[in-house]
Each structure stands twice: as C-alpha cells, then as structure tokens.
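Thanks for coming, everyone. Let me put the structure up, and then we'll walk through it.

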Amino acid sequence: MIFIVVKFTVKPDWSDRWMDLTRNFTEATRQEPGNLWFDWSRSVDDPHQFVLVEAFHDDAAGSHVNSAHFSAAMKTMPQALMKTPEIISERLDAEGWGQMGEMTVPSS
C-alpha cells in the first residue's frame, strides 16, 4: 500500500473552517476505489495544524492525484494555508493496520 501523512499549517482565521473547506475532498476521496483510509486529526499542541493520514492500494494512488476532486482541492486549499504542506509518502508491504505488539487490551 501507499501510506501518506501530510501536515497542514492553517492560517488562524481558517482553523475553525478547515474541515468545512476540505469536506468535499475528504468525502470524495473516501469513496475512491482503492482508498483504505483518509483521516484528519488536529494537533493538540498547535490549533492551526492539521494532520492527514491516508492510504491507498498501490494501484489507486495515481487515480487519486489525477481525480477532479484532487485538482479542485489543490486550487482551493492554498488560500487557507500559512505554508506549503509537509509530506511523508512511502510504499509499505502491508494491507492495513496491525495490532500494537507492545500493548494488549483484553476483550471485554
């Protein structure tokens, strides 16, 4: 799979509207064939930083970046950003999430 993490630093006046700005992009991406997950988090240390964790089957990432909703997002998102997003994008030999080996929570 292709595993991607992107950090977005949002202008303070956009922080409370960021999820609304990215809603269509998020919903459309989650519907793509080959999308495994597309999940947003907000930093607990910086209210203006959002982290996107996404994953695709290997053959689906190309379709994602060539989609109409990706193109539209690349045009609308910059207006809300302080700087160019930071990214880690790696191909992993995995099918999805695994259980953490260092901690086990018993089933109830």
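**Salt bridges and the first helix**

R91 is exposed, at 55% relative accessible area. Exposed means over 50%, buried means under 20%, and partly exposed is in between, with a 1.4 Å probe and protein chains only.

A word on the source. This is a predicted model, where local features need pLDDT of at least 70, side-chain atom pairs count only at pLDDT 80 or more, and totals for chains, interfaces and linings use all residues. Residues are numbered from 1 along each chain as its sequence is written, and side-chain values use heavy atoms, with hydrogens and water left out.

Back to R91. Its partner in a salt bridge is D58, with the closest N and O atoms 3.4 Å apart. A salt bridge here is a side-chain nitrogen of Lys or Arg within 4 Å of a carboxyl oxygen of Asp or Glu. D58 sits in the loop between β3 and α2, and R91 in strand β4, so the pair ties together parts 33 residues apart in sequence. Helices (H or I, at least four residues) and strands (E, at least two) are DSSP runs, numbered from the N terminus. D58 is partly exposed, at 38%.

How many salt bridges does a search of the whole structure find? Five. Another one joins D16 and R42, at 3.6 Å, N to O. That pair links distant parts of the chain: D16 is in the loop between β1 and α1, R42 is in strand β2, and they are 26 residues apart. D16 is exposed at 68%. R42 is partly exposed at 39%.

Then there is D39 with R30, closest N and O atoms 3.7 Å apart. Here D39 is partly exposed at 36%, and R30 is partly exposed at 42%.

On to helix α1. It covers residues 18-30. Where is the kink in α1 centred? On N24, with a bend of about 40 degrees. The bend at a residue is the angle between axes fitted to the seven residues ending there and the seven starting there. W18, T22, F25, T26 and T29 are buried in α1. The buried residues of this helix pack against β1, β2, β3, α2 and α3.

Now β3. Q49 is in this strand, residues 49-56. Is Q49 buried or exposed? Buried, because its relative accessible area is 16%. Beyond neighbours within four places in sequence, Q49 is in contact (heavy atoms within 4.5 Å) with K7, F8, T9, S41, R42 and S43.

Notes
The expected span of a helix is 1.5 Å times one less than its number of residues.
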